[in-house]
Amino acid sequence: GRTEEGDEPWCKAVDVPQDKDCEDGRSSAAFSAEYVGRTLMELTGVTVLPARNDDWFSEARYTQGGTLETIDLCGKTMTGAQLQQAFELRSAAIAVEYTEARFVFRAVGIGSNTGMSLHAASEMADQGMTAEEILDYFYEDTQLIAMQ
């Protein structure tokens with residue numbers, strides 16, 4: 001329901017209520033504990049994982065927009081972007097759950113969660129907004145110019 005602040009001054013966080021109920025923007029991926037453990041050990045350098053898989057992750061911290069900012073694995077801090085890349089998830093807005101001998105990564109959104117939401121932009125266009133109005137909504141205080 002909200003984009004994230006981008007690295008550029010023109011990429012501000014904006015509300016996107018259209019995304020709250022968008023099923024296309026929700027995804028999940030399940031992996032065996034063995035695969036997750038091996039991948040995370042390579043990523044973080046952790047050499048020993050707790051015996052209880054439920055104890056591998058702790059202290060998940062999220063941004064206001066819902067993106068996983070950081071999560072701890074045995075005292076090592078990882079970003080949501082690192083998990084997204086390591087497990088090829090659609091988004092960095094991730095929740096991690098251990099269930100039935102598998103880790104399930106649930107992601108909301110697609111990409112970096114910054115800039116324009118394509119789903120919201122499509123709904124805005126369907127409601128009659130022009131391309132210029134949509135761009136202005138997502139990239140406030142910018143100017144659209146014609147290239148020749």
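**Exercise 1. In what order do the three strands of the open sheet stand, and with which pairing?**

Solution. This is a predicted model.

Step 1. Read the order across the open sheet: it is 2-3-4. The pairing is antiparallel.

Step 2. Find the edges. Strand 2 (57–62) and strand 4 (76–79) each have a single partner strand, so one side of each lacks a neighbour in the sheet.

Step 3. From one strand to the next, the twist averages 20°.

Step 4. Look at one pair in detail. Strand 2 and strand 3 (residues 68–73) are antiparallel and share four bridges. Across this pair, Arg61 stands opposite Thr70 in strand 3.

Step 5. Place the helix. Helix 1 (residues 33–44) packs on the sheet and touches strand 2, strand 3 and strand 4. The direction of helix 1 makes about 100° with that of strand 4.

**Exercise 2. Trace the pairing of strand 6 with strand 1 and with strand 5.**

Solution. 

Step 1. Take strand 1 (residues 26–32). Strand 1 pairs with strand 6 (residues 102–108) in the antiparallel sense, over seven bridges. Here Ser32 stands opposite Arg102 in strand 6.

Step 2. Take strand 5 (residues 94–99). Strand 5 also pairs with strand 6 in the antiparallel sense, this time over six bridges. Tyr98 stands opposite Phe103 in strand 6.

Step 3. Inspect the turn. Strand 5 and strand 6 form a hairpin with two residues between the strands. In this hairpin, Glu100 takes a positive phi near 50°.

**Exercise 3. Describe the surroundings of Glu97.**

Solution. 

Step 1. Locate the residue: Glu97 lies in strand 5.

Step 2. The relative accessibility of Glu97 is 35%.

Step 3. List the contacts, leaving out residues up to four places away in sequence. Glu97 touches Arg102, Phe103, Val104 and Arg106.

Step 4. Compare sequence and space. Glu97 and Glu4 are 93 residues apart in sequence. Their C-alpha atoms are 23 Å apart.

**Exercise 4. How do helix 3 and helix 4 cross, and which residues meet?**

Solution. 

Step 1. Recall what to look for. Two packed helices are described by the angle between their axes and the distance between the axes.

Step 2. Get both values. The axes of helix 3 (residues 118–126) and helix 4 (residues 131–138) come within 10 Å. The two axes cross at roughly 140°.

Step 3. Helix 3 brings Ala120, Ala121, Met124 and Ala125. Helix 4 brings Ile134, Tyr137 and Phe138.

Step 4. Sort them by class. The contact has seven nonpolar residues, no polar ones and no charged ones.

**Exercise 5. Is Leu135 buried or partly exposed?**

Solution. 

Step 1. Locate the residue: Leu135 is in helix 4.

Step 2. Apply the cut-off. Buried means under 20% relative accessible area. Leu135 has 29%, so Leu135 counts as partly exposed.

Step 3. Find its contacts beyond four places in sequence. Leu135 is in contact with Met116 and Leu144.

Step 4. Check one distance. Leu135 and Gly115 are 20 residues apart in sequence. C-alpha to C-alpha, Leu135 and Gly115 are 9.8 Å apart.

Note on methods
Residues are numbered from 1 along each chain as its sequence is written. This is a predicted model: local features need pLDDT of at least 70, side-chain atom pairs count only at pLDDT 80 or more; totals for chains, interfaces and linings use all residues. Side-chain values use heavy atoms; hydrogens and water are left out. Axes are lines fitted to C-alpha atoms, for helices over the stretch in contact, and angles run from 0 to 180 degrees between N-to-C directions. Contact means heavy atoms within 4.5 Å. Ala, Val, Leu, Ile, Met, Phe, Trp, Tyr, Cys and Pro count as nonpolar, Asp, Glu, Lys and Arg as charged, and the others, Gly among them, as polar. Two strands pair if DSSP finds at least two bridges between them. Buried means under 20% relative accessible area, exposed over 50%, partly exposed in between (1.4 Å probe, protein chains only).
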